[in-house]
Amino acid sequence: MDKNERLEVVNQLIKFISERGRRFFFCKSKETTANMIIKNNRVYFVDDYTRNEVYAYPSHTGRDGFSHGGTLWALVCDFSEFIRTGKQSNGVHGYG
């Protein structure tokens, strides 16, 4: 599976999460769902509320435009690692 295929898998998972339970990654007032993109060979998270492209890397401290908390940031970083490397992160990014 290549990077673009892994990106599609993660975006399907984000969509699945956004349609259930507390509907994380979905902004009801704007009717938008978050997603991941690859831009300049880097992985970005497009926030559902702010629509900002946030560089999704665990050591990146500037999370401006990320409207969720630390636990979801850790999940986004796990998604990003999977997209970049193809390996399971096994939750190594913990709570941020």
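Let's start with a pair of helices. Helix 1 and helix 2, residues 70-85, pack at about 155 degrees, and their axes lie 7 Å apart. Axes here are lines fitted to C-alpha atoms, for helices over the stretch in contact, and angles run from 0 to 180 degrees between N-to-C directions. So helix 1 is roughly antiparallel to helix 2. The cut-offs: under 35 degrees is roughly parallel, over 145 roughly antiparallel, 65 to 115 roughly perpendicular, and the rest oblique.

A word on the model. It is predicted, so local features need pLDDT of at least 70, side-chain atom pairs count only at pLDDT 80 or more, and totals for chains, interfaces and linings use all residues. Residues are numbered from 1 along each chain as its sequence is written, and side-chain values use heavy atoms, with hydrogens and water left out.

Back to the helix pair. Which residues of helix 1 and helix 2 meet? From helix 1 come K3, R6, L7, V10, L13, I14 and I17. From helix 2 come F79, F82, I83, R84 and T85. Contact means heavy atoms within 4.5 Å. These residues divide into eight nonpolar, one polar and three charged.

Take L7, in helix 1. Buried or exposed? L7 counts as buried, at 13% relative accessibility. Buried means under 20% relative accessible area, exposed over 50%, partly exposed in between, with a 1.4 Å probe and protein chains only. Leaving aside residues up to four places away in sequence, L7 touches M36, I37, I38 and I83. N52 is 45 residues from L7 along the chain, and their C-alpha atoms are separated by 18 Å.

Now the whole chain. It has two helices and five strands. Both are DSSP runs numbered from the N terminus: helices are H or I with at least four residues, strands are E with at least two. The order along the sequence is α-β-β-β-β-β-α. The C-alpha trace spans about 35 × 25 × 25 Å along its principal axes. A compact globule of 96 residues would have a radius of gyration near 12 Å, and the chain agrees, with 12 Å. That radius is taken over C-alpha atoms, and the globule rule is 2.2 Å times the number of residues to the power 0.38. Buried residues make up 36% of the 96. Of the contacts between residues at least 6 apart in sequence, 31% join residues at least 24 apart.

On to the loops. E19 sits between helix 1 (3-18) and strand 1 (26-27). E19 is partly exposed, at 41% relative accessible area. Its side chain makes a polar contact with the side chain of R20, at 3.4 Å. A polar contact is a pair of N or O atoms within 3.5 Å; within protein, one must be able to donate a hydrogen and the other to accept it, and residues adjacent in sequence count only if both atoms are side-chain atoms. E19 and T33 are 14 residues apart in sequence and 9.2 Å apart, C-alpha to C-alpha.

Last topic: phi. Most residues other than glycine have a negative phi. F25, in the loop between helix 1 and strand 1, has a positive phi near 70 degrees. F25 is buried, at 0% relative accessible area. N40 also has a positive phi, about 55 degrees, and is not a glycine. N40 lies in the loop between strand 3 (35-39) and strand 4 (42-46). N40 is exposed, at 71%.

Methods. Nonpolar A, V, L, I, M, F, W, Y, C, P; charged D, E, K, R; others polar.
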